[in-house]
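The following questions and answers walk through a two-part record, one topic at a time. Please look at the sequence and the model first.

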Amino acid sequence: MADTVQVWSTGLQASSAQPSATEKLRLFLRRRSTVAFLMCLPLIVIITFLVIYPAFYSIYLSMLNKTQTRFIGLGNFQFLLSRDVFRMVVEQTAIFALSAVFFKALIGLITAHLINNLPAKGQRKWRGMLLVPWVIPLALSSLGWWWLFDPTHSAFNYILESLGFNQIGWLSNPYWARFSVILVNVWYGAPFFLIMYLAALKSVPEQLYEAASIDGASAWQKFVHITLPMMRNIIAITVLFSLIVTFANFDIVQIMTAGGPRNMTHVFATYAFMLGIRSGDLPLGAATSLFMFPILGVAAILILRGVRKRGREIG
Amino acid sequence: MSQSVLPTRPSRRSLLKSAALGSVAAVAAPYVKDTYAAGSLSLGVWDHWVPGANNTLTKLCNEWGAKNNCEVKIDYITSQGEKDKLTAAAEAQAGTGHDIMSHRDWNIRIHQNVLEPMDDVVSQLIKQYGPISPVAEYLAKIKGTWMGVATTVGSQVKPCCSRISLYKQHAGIDVTELFPADESKWDKTKTDSWNWDTYLDSAQKLFKAGFPVGLPMGQSSDSVDWTGALFNAFGVVLVDAKDNIKVNSDETRTVMEYAKKLMAVNPPEVYAWDDAGNNRWLISGKGSSIMNPPSAWAVAKRDNPSVAADCWTHPMPKGPKGRFVGQLPQFYGLWNFSKNKAAAKDLLLYISQKDSAAQLVQASFGYDLPSFKTMYDLPTWQTVEPPVGTVYGYPPRGDEQTSIAGAPARSEVGAQIYNQAINTVMVAKFTQGNEKLEDVIKWAENELEGTLRV
């Protein structure tokens, strides 16, 4: 009843005093959603031109023939699947990404715990130092690692030899080369996990641990029954984010091995570069780089659905 | 001092006459300068690794610009990380950018649809300087039309660069006597003795002495080029000009067995070397020989002068089918979206003259190699030192033929074979991976079939 009265009242006011155009604009600009949209507009424009347009363009490109004169649908993808080297690249990318993400997450979790248990004063120093790999430009640090692994003058081999061990073909033996590129990726990416997990750890209410202590829970039990469940969402999101980035990695492999020896360290991005830019087959290169898109897309949907579900449960 | 050999500004009458003549000699009509250039031109050019070499090209372009009232702007783009190729690919896709772009190896073929035909310029140069390198023709003459002009800057071959004293001491071979710095003194019996069998024998001795040769077996161009020359010397054809896959042959089996013996006396890290790996190997003093342009020697002059003074660049070993050296020419391409095509062609003709080439070769200490054999008499290769005559054998002389891995397949197919390094992966699979020869050939057949995709 009261609502009806209010509506009538508002209607009468409106008919008696129509807001001017300037006032309408001011009201429009005052709306929070409008302000938010306007503030996001530069970013939306940038993303549209630098992300969305290239993404759709590369999808279009991947469906053209070699000379980009004919639409061939999924022909490029079909062709790729028939190639031995490409199948090896799929396998290698999966090994590279999954093992690197696993170790990054593991090392990130362990170091986050270690730092979280340090006194507040020492924490800042360690946090800063451990973030260094993530802060240095990747191309630069990869080059540094390449020097350490240099096929002929490796610093690591110098140390090994001086300790009486045999030299290791860090980059010339395909299996060691795979190990080396994964190691560098872990070194670079672990600090991201560390900082995310540290933030998550700090947000776990201390009372939960106190209550568990009173109940006689061990450190491991606290970790399994309090820390991990409280961190599940952040773990899921960081793993998803890192998987996407690692599957698309280019710099480390390109600088350290360029896909060799015998194509045995190629990942999607380096193989796409070889086909698209070096060999001049842009459509095939585009198809290679898009190959994981549907798989990662499905993984993203599943992981984000889990995150939302847990969020609702907590809420 | 260079002088312009370009015709002076033509009259209307002479232009009409040229046009009439052009209709007679339609295809191979020489370049006719049809106007004063004026305006501006922009070039995206390969950034030379020799300090100061870019300045000579800039000077030549500015000279031409001053004479023709045209502003020339040059961007030197590094090939590190293939940035020059990325730039070319971006400009080709966008349809805008520089007027002239330098293209390495296969890029003329890759961008053929957006390049301006250059028959007029190249036919003029052929008229002046005689036949052009067959590798340049293979890479830039597409369906009978020249789509690029071979550059002097950055064009190269990859012959042997050997340590004189090490070969003498450990293999009993005097490379300076085999290939003295005067072609008229080359003795056919002696040069014929420099074959792949002798090479293997000497490589084994040098390996035992602790100074192995350094032959890269990665997937970059140095590896692909020397392996391509080896395959050619043994008569191996991967794919012929009619798209027939020919890798499954006795020649392939012979060369692979040979490669197994040769790679066994190389340092194991050659499988991970990039294009700088062999240079570093020679400069370090550990290596006795590499197959490379004189860049390693030039850097050794600065970093390890005693090694530089002991280097001698000379032809490749001879095989059952001849003596081949890997060649990688560069080209200038003129985008078809350029707004100043006539001026661009005029500039390219100017910087391709022998006088200009002489200055460019001098500035690069003999590294840059014109694609015309008649220019191999430039004085730089005879005079640079130490030791005097060290790079005389760099331009292909005697019976040495230039080649590129991937040929004689159609260049579209050749580009795939070359850039996917199918030849070196084959060798690496057999020698490093110890895969069965028949499996390697089967793998190569499958990969080569993929390169035939339209």
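Q: Is A:Gln68 buried or exposed, or in between, and how many other C-beta atoms lie within 10 Å?
A: A residue is buried if 20 or more other C-beta atoms lie within 10 Å of its own, exposed if 12 or fewer, and partly exposed in between, with C-beta atoms placed from the backbone. A:Gln68 counts as partly exposed, because the number of other C-beta atoms within 10 Å is 14.

Q: Where is A:Gln68 found in chain A, and what is its phi near?
A: A:Gln68 is found in the loop between α3 (32-61) and α4 (75-81) of chain A, where helices (H or I, at least four residues) and strands (E, at least two) are DSSP runs numbered from the N terminus. Although A:Gln68 is a residue other than glycine, its phi is positive, near 60°.

Q: What kind of model is this, and how are residues and chains labelled?
A: This is a predicted model, in which local features need pLDDT of at least 70 and side-chain atom pairs count only at pLDDT 80 or more, while totals for chains, interfaces and linings use all residues. Residues are numbered from 1 along each chain as its sequence is written, and chains are lettered from A and ligands numbered from 1 in the order in which they are written.

Q: Which domains does the assignment give for chain A, and how far apart do their C-alpha centres lie?
A: The domain bounds, which come from an automatic or database domain assignment, are 20-61 for domain 1 and 75-314 for domain 2 of chain A. The C-alpha trace of chain A spans about 95 × 70 × 30 Å along its principal axes. The C-alpha centres of domain 1 of chain A and domain 2 of chain A lie apart by 33 Å.

Q: Which residues is A:Tyr197 in contact with, leaving aside its neighbours within four places in sequence?
A: Two residues are in contact if their C-beta atoms, placed from the backbone, lie within 7 Å. With its neighbours within four places in sequence left aside, A:Tyr197 is in contact with A:Gly108, A:Leu109, A:Ala112, A:Met231 and A:Ile234.

Q: Which element of chain A supplies the largest share of the side that touches chain B?
A: The contact takes 24 residues from chain A and 34 residues from chain B. On the side of chain A that touches chain B, α5 (84-116) and α13 (268-278) of chain A each supply at least two residues. The largest share of that side, 3 residues, comes from α13(A).

Q: How does the radius of gyration of chain B relate to the globule rule?
A: Chain B comes to 21 helices and 15 strands, and buried residues make up 53% of its 454 residues. Chain B is as compact as a globular protein of that length, because the globule rule gives 22 Å for 454 residues and the radius of gyration of chain B is close to this, at 22 Å.

Q: Why is helix α20 of chain B largely enclosed, and what does its cover include?
A: Helix α20 (residues 422-431) of chain B has 10 of its 10 residues buried, so it is largely enclosed by the rest of the structure. What covers the buried residues of α20(B) includes, in chain B, α11, α12, β15 (405-408), α19 (411-419) and α21 (437-451).

Conventions. The radius of gyration is taken over C-alpha atoms; the globule rule is 2.2 Å times the number of residues to the power 0.38.
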